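Here are my notes for you on this structure. Please keep the 3D view open while you read.

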Amino acid sequence: MKLYESSLYGTINEPENIFELFELIIGKSNNKDFSVKLWRGQSDISWRIDSGAYRRFLFTKLSIRERDIVHYEKSLLRRARHKGYGIDNGILLSDMELLARLQHHGAATRLVDFSKNSLVALWFCVNNVTEDYGLLVGIDTNYIGGMEDVLDDNLKDYSSAIKNYSYSHPMLIEPPVVSKRIAAQHGVFLYSDISQSDMGSLKIPLEGQNIFIAISPELKKVSRQVLIDTFDLRKETLFPDLDGFSSANSFRENPRETYRW
């Protein structure tokens, strides 16, 4: 297997074919020391792992402070509630549930999208086939705060939740208000205070069995076709709502991918 020299992520594996890629993803899953991971795919390896809120501030500020993000998110929550978006199907959402809902619909927050499903993350890495290398990231869940399927009552309020930002690892949120899209993508969010690491604004734990994989443009093409043909992972199945259906049938998309055969 080849190695790739990344200016952000160091020396990382570069699989030369789909079988080497799957070997890295699966790892030694039958080994008692196997580490469960949360996955994220990025179509360009030169991108840092930054939150949308952090990237939003890059347009106007050279130095972004934690209090800038906090002030922005509090304002975002206040304005969203004023518009009535804090209620979903008659249920009053907590601050963090609302923040996750806003993130899901495209608002810039400190939450960063991850998936429990490595193949879903791979799809986001390879769907945009360009001449750029892509990046597939797996974060060791032993070094993440928070629990799967549980949103602690003490973390639902924004002011209470940000008290945990001083930890050296990211926190997990899996909101109970789940859309078809999040369910299809096995989606969760990670968040932290602003990291000073070159890798990005999200704190990436230095301990554990994290994995960074470089995906070449050639392997992108092969992987994308395998995901569509073998695993039925494509825009229409990963975005099972009206917006996703319409996007999958836009003029930009190959009409042959509407159906599998």
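The points below cover a pair of helices and then some aromatic rings.

1. A word on the basis. This is a predicted model, where local features need pLDDT of at least 70 and side-chain atom pairs count only at pLDDT 80 or more, while totals for chains, interfaces and linings use all residues. Residues are numbered from 1 along each chain as its sequence is written, and side-chain values use heavy atoms, leaving out hydrogens and water.

2. Take helix α3 (residues 66-82) and helix α4 (residues 95-104): their axes are 10 Å apart and they pack at an angle of about 85 degrees. α3 and α4 are therefore roughly perpendicular (65 to 115 degrees). The contact (heavy atoms within 4.5 Å) involves Glu73, Leu76, Leu77, Ala80 and Arg81 of α3, together with Asp95, Leu98, Leu99 and Leu102 of α4.

3. How many aromatic pairs does a search of the whole structure find? There are 7 (ring centres within 6.5 Å). One of them joins Tyr9 and Phe212: the ring centres are 5.4 Å apart and the planes at 25 degrees, so the pair is stacked (planes under 30 degrees apart). Tyr9 sits in the loop between β1 and β2, and Phe212 in strand β10, 203 residues apart. Tyr9 is buried (under 20% relative accessible area) at 8%, and Phe212 is buried at 14%.

4. Now look at Phe124 and Phe239, whose ring centres are 6.0 Å apart with planes at 75 degrees, so this pair is edge-to-face (over 60 degrees).

Key:
Axes are lines fitted to C-alpha atoms, for helices over the stretch in contact, and angles run from 0 to 180 degrees between N-to-C directions. Helices (H or I, at least four residues) and strands (E, at least two) are DSSP runs, numbered from the N terminus. Angles under 35 degrees count as roughly parallel, over 145 as roughly antiparallel, 65 to 115 as roughly perpendicular and the rest as oblique. Buried means under 20% relative accessible area, exposed over 50%, partly exposed in between (1.4 Å probe, protein chains only).
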